[in-house]
Amino acid sequence: MTTISGWGRYPIGDTEIISPRTADAARRATAAGDQAIARGNGRAYGDAAIGIRQTIALCHLNRMRAFDPTTGRVTVEAGLLLSDLITTFLPRGFFPYVVPGTDLITVGGAIAADIHGKNHHSEGGFGRYVDELLLALPTGEMLLASRDEHPDLFWATIGGMGLTGIILEATISLRPVETGWIRQRTIAADNLAAAITALQSCESVTYSVAWIDCLASGGRLGRSLIFLGEHAASDQLDEEQAVNRFPLRKPSLSIPIDLPYFVLNNWTVAAFNEFYFRSGARKSTSFTLLPVHSYFFPLDAIGNWNRIYGRRGFLQHQSVLPIKNAESTLAEMLDRIAQRGGSSFLAVLKKLSQGSGPLSFPMPGYTLALDFPIARDVFSFLDELDELVVAASGRLYLAKDARQLRATFEGGYPDMSSFRELRRTIDPGRRLQSRLAQRIGI
Ligand SMILES: Cc1cc2nc3c(=O)[nH]c(=O)nc-3n(C[C@H](O)[C@H](O)[C@H](O)COP(=O)(O)OP(=O)(O)OC[C@H]3O[C@@H](n4cnc5c(N)ncnc54)[C@H](O)[C@@H]3O)c2cc1C
């Protein structure tokens, strides 16, 4: 037995790790699964990638199978990291259509969570760019699923959190890009209403995301910096950038130890937020060119940054709220956070559109992601936030969840009947089961 956790380091679970080296070995492991679940790179925050008894680690299935430069279609094994995909294809002028806030995730994990990026409002989620999946089912079958072949299984697997089978290979489409640079513009918003107006009015911009100062309150509640971005064309680079048209990822520094819990506190975070907001606001009239890694994956510059929260770990609360209820509910959530002593140290707001699969997280609305260090009262506080989310017809993101109650899940994902029926058909013996699925009763 091995003790593992997700990125938030809470909860931890004991599980037998099975590490197949071939697709057929993964198929056999799935057919013999004993309450097993797939694991990619373990970047889900909570217990989604922890099996009840077994965890099938896909990290060795990381080969690239085929690439068509005329269409940008690539077939890869599901354990391939997005970082390897980018390192290989960016210099050839291709980039994934959808990337999250880290590229240290696998293609299988990206599909199973139907991940969203900063362009969900304009271009949808990862699932939209998946053409075909090679799946291992609990019945021992290996089959191809696509929009035409086994479409129900295909869509349920996108966002299905590993519960519909193990993704062995995927064929996905990549986006042609002229450079590896992003042209960024920053907007400073003095409060939440201004931030929402800015995100709304920039809907035609490909990428947008707002960083919120969670410690601001009163008339400054929700003050934000909104980062807008477009892939830069070759003729938008200066001479130096043109020589380095596809910049490579820089080596990261690592946090060598778990920091004591008092390092992150309201004083240090307030000082940082003030500095960050002012320096962002100063840049707000000009365009800046950033390498893709700096724009999309700034946190990856610090390896093991989850150690900043200390040994007890941290929880991410990511909700999405439908447009009509978003502003008032977000204001109430931010107000409660600002009033609470131990605040959220990170808050990110993005606009989402419809998700792809029945269990996909996105819906048309606004998503707020908040990080909280684990502390005695944090669980009851987050239950309070959950009540606001469900009352506003919103839901929580399963890839970030470590603690929501069944009632919260049922309230947020009310139409689970077809997903559950499909699971009963393909997995009557419940060979596939994660701690997440057991906890919230998926
Ligand atoms: C710093 C950071 C930033 C992030 N930013 C974002 C963001 O902006 N947007 C976003 O959507 N997410 C974001 N995430 C979450 C992350 O993208 C997802 O949790 C993703 O699923 C992690 O992929 P993984 O390979 O690590 O999968 P794991 O964490 O190992 O697994 C996640 C889920 O995928 C399933 N799974 C994994 N591989 C397979 C497979 N081969 N077959 C079937 N099921 C499989 C697992 O069973 C589990 O349910 C972020 C995470 C971090 C740590």
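Which domains does the domain assignment of the chain give? The assignment gives domain 1, covering residues 64-178, and domain 2, covering residues 181-410. The structure described here is a predicted model.

## The two domains

The C-alpha centres of domain 1 and domain 2 are separated by 24 Å. On the side of domain 1, 36 residues take part in the contact, and domain 2 contributes 38 residues.

Between domain 1 and domain 2, an area of about 3,000 Å² is buried. Carbon and sulfur atoms give 60% of that area. Within domain 1, the residues that lose the most area to domain 2 are K118, H121 and E178. Together these three residues make up 27% of what the domain 1 side buries.

## Helices α6 and α10

Helix α6 spans residues 192-201 and helix α10 spans residues 323-339. The axes of these helices come within 10 Å and cross at roughly 135 degrees. The crossing of α6 past α10 is right-handed.

## Helices α10 and α11

Helix α10 also packs with helix α11, which spans residues 378-391. The angle between α10 and α11 is about 170 degrees, and their axes are 10 Å apart. Since an angle over 145 degrees counts as roughly antiparallel, α10 is described as roughly antiparallel to α11.

On α10, this contact involves T329, E332, M333, R336 and I337. On α11, the contact involves F381, E384, L385, L388 and V389. The residues of the contact between α10 and α11 divide into six nonpolar, one polar and three charged.

## Residue N325 in helix α10

Residue N325 is located in helix α10. Leaving aside residues up to four places away in sequence, N325 touches A392 and S393. N325 and L368 are 43 residues apart in sequence, and their C-alpha atoms are 13 Å apart in space.

## The loop between β1 and β2

Strand β1 covers residues 2-5 and strand β2 covers residues 12-18, with P11 placed in the loop between them. The peptide bond from Y10 to P11 is cis, and its omega is near -5 degrees.

Residue R9 also lies in the loop between β1 and β2. Although R9 is not a glycine, its phi is positive, at about 65 degrees.

Key
Residues are numbered from 1 along each chain as its sequence is written. This is a predicted model: local features need pLDDT of at least 70, side-chain atom pairs count only at pLDDT 80 or more; totals for chains, interfaces and linings use all residues. Side-chain values use heavy atoms; hydrogens and water are left out. Axes are lines fitted to C-alpha atoms, for helices over the stretch in contact, and angles run from 0 to 180 degrees between N-to-C directions. Helices (H or I, at least four residues) and strands (E, at least two) are DSSP runs, numbered from the N terminus. A crossing is left-handed if the near helix is turned anticlockwise from the far one by less than a right angle, and right-handed if clockwise. Angles under 35 degrees count as roughly parallel, over 145 as roughly antiparallel, 65 to 115 as roughly perpendicular and the rest as oblique. Contact means heavy atoms within 4.5 Å. Ala, Val, Leu, Ile, Met, Phe, Trp, Tyr, Cys and Pro count as nonpolar, Asp, Glu, Lys and Arg as charged, and the others, Gly among them, as polar. Domain bounds come from an automatic or database domain assignment. Buried area is the accessible area (1.4 Å probe) that two parts lose on being put together, summed over both.
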